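Reader: I am new to reading protein models. Please take me through this one, step by step.

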Amino acid sequence: MRDLSLHLMDVVRNSVDAGAGKIEIYIEADIQEDILKITVKDNGRGMEDSTIKKVTDPFYTTRTTRKVGLGIPLFVETCRRSQGDLTIKSELGKGTEITAVMKISSIDRPPIGDIGNTVAGLQASETEIDYVVGFKCGDKDFTYSTEEVRQVLGNEVSLDNPQVIGWIEESITEGLENIFGGVLNEIPCRT
Amino acid sequence: MKSLAELEKIRQEALERMSPRSDKERMRVVVGMATCGIAAGARPVMQAFLDELKKRNINDVKVAMTGCIGVCKLEPIVEVVDSDGTKVTYVKMTPDKAARVVAEHIVNGRVVADYTIGAAEI
């Protein structure tokens with residue numbers, strides 16, 4: 001995967017397929033500790049412990065169209081390559097939480113990528129899902145929530161209205177730039 | 001800063017433009033967005049569809065994602081589904097090709113035969 005936003009797209013698609021109604025995405029940068037943390041938390045159907053162990057195996061998938069499932073294994077590799085790791089917590093019937101940790105300064109850490117585009121696309125596709133997207137770095141933070149957008153739009157205007165999707169994308173992109181600064185949405189490694 | 005006031009304005013404008021017809025979904029664009037599709041560049045393709053529809057003010061075409069369509073080597077794959085269920089499968093898509101599919105297929109109703117799965121060497 002070219003950047004982290006594509007990994008994010010991939011794991012959030014898993015949440016969508018698990019029937020989640022609410023998906024929370026948090027990206028936190030701790031510049032002192034040199035840690036980038038990405039959390040995806042959903043209220044989908046969850047997994048048994050035995051399944052959690054299997055999902056990092058590329059030859060495990062719930063799909064029937066093919067025999068390999070590379071989403072999680074690729075993300076794990078990206079984290080490990082970037083001196084971090086990926087952990088999965090899940091409870092059957094409650095949901096799943098995936099935490100990816102990387103060293104910000106690692107030479108192999110992919111750039112963050114276009115998170116705004118990722119979330120806007122996901123939201124356009126499944127308008128019934130509520131997203132919360134949070135960015136945090138030091139004492140600065142930003143939150144996007146579908147619920148807030150829904151409150152403004154009311155019942156008449158749909159979330160997948162092209163102008164609304166455009167607003168969501170720009171709003172998240174702006175948030176990312178404001179919180180993490182840097183060039184191309186990238187996190188500066190030094191304070 | 002993008003504000004909720006701006007969103008409120010978008011809502012007002014959308015309400016003014018809304019006609020009874022626009023509620024109906026005329027067509028659906030489905031983009032394969034599993035690991036294979038994402039790695040092959042499906043997200044910029046989906047974005048190109050959204051941008052092109054926004055530019056042309058087309059509100060009765062829905063863009064959605066799906067999982068793996070099954071022919072990973074031909075990703076990014078996009079299916080354009082008519083309201084009567086007729087489906088055209090486009091393969092090895094790019095943002096430029098997406099713009100052409102919107103102009104020719106979605107707006108003018110002519111399938112872009114060069115990009116269909118039938119035209120691809122399997």
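**A helix and a contact**

Reader: Which residues of H6(A) are buried?

Author: The buried residues of H6(A) are Pro162(A), Val164(A), Ile165(A), Trp167(A), Ile168(A), Glu169(A), Ser171(A), Ile172(A), Gly175(A), Leu176(A), Ile179(A) and Phe180(A). Buried means that 20 or more other C-beta atoms, placed from the backbone, lie within 10 Å of the residue's own. Helices are DSSP runs of H or I with at least four residues, strands are runs of E with at least two, and both are numbered from the N terminus. This is a predicted model: local features need pLDDT of at least 70, side-chain atom pairs count only at 80 or more, and totals for chains, interfaces and linings use all residues. Residues are numbered from 1 along each chain as its sequence is written, while chains are lettered from A and ligands numbered from 1 in the order written.

Reader: How many residues does H6(A) have?

Author: Helix H6 of chain A has 19 residues, 162-180. Its first and last C-alpha are 27 Å apart, close to the 27 Å expected. The expected span is 1.5 Å times one less than the number of residues. Just after H6(A), Gly181(A) has a positive phi of about 55°.

Reader: How are two packed helices described?

Author: By the angle between their axes and the distance between the axes. Here, H4 (115-125) of chain A and H3 (42-55) of chain B have axes that come within 10 Å and cross at roughly 65°. Axes are lines fitted to C-alpha atoms over the stretch in contact, with angles from 0 to 180 degrees between N-to-C directions.

Reader: Which residues meet there?

Author: Asn117(A), Thr118(A), Gly121(A) and Ala124(A) meet Arg43(B), Met46(B), Gln47(B) and Leu50(B). Contact means C-beta atoms, placed from the backbone, within 7 Å.

Reader: How many residues of each chain are in contact?

Author: 30 of chain B with 34 of chain A. H1(B) gives the largest share of chain B's side, eight residues.

Technical notes:
Contact = placed C-beta atoms within 7 Å. Buried ≥ 20, exposed ≤ 12 C-beta atoms within 10 Å, placed from the backbone.
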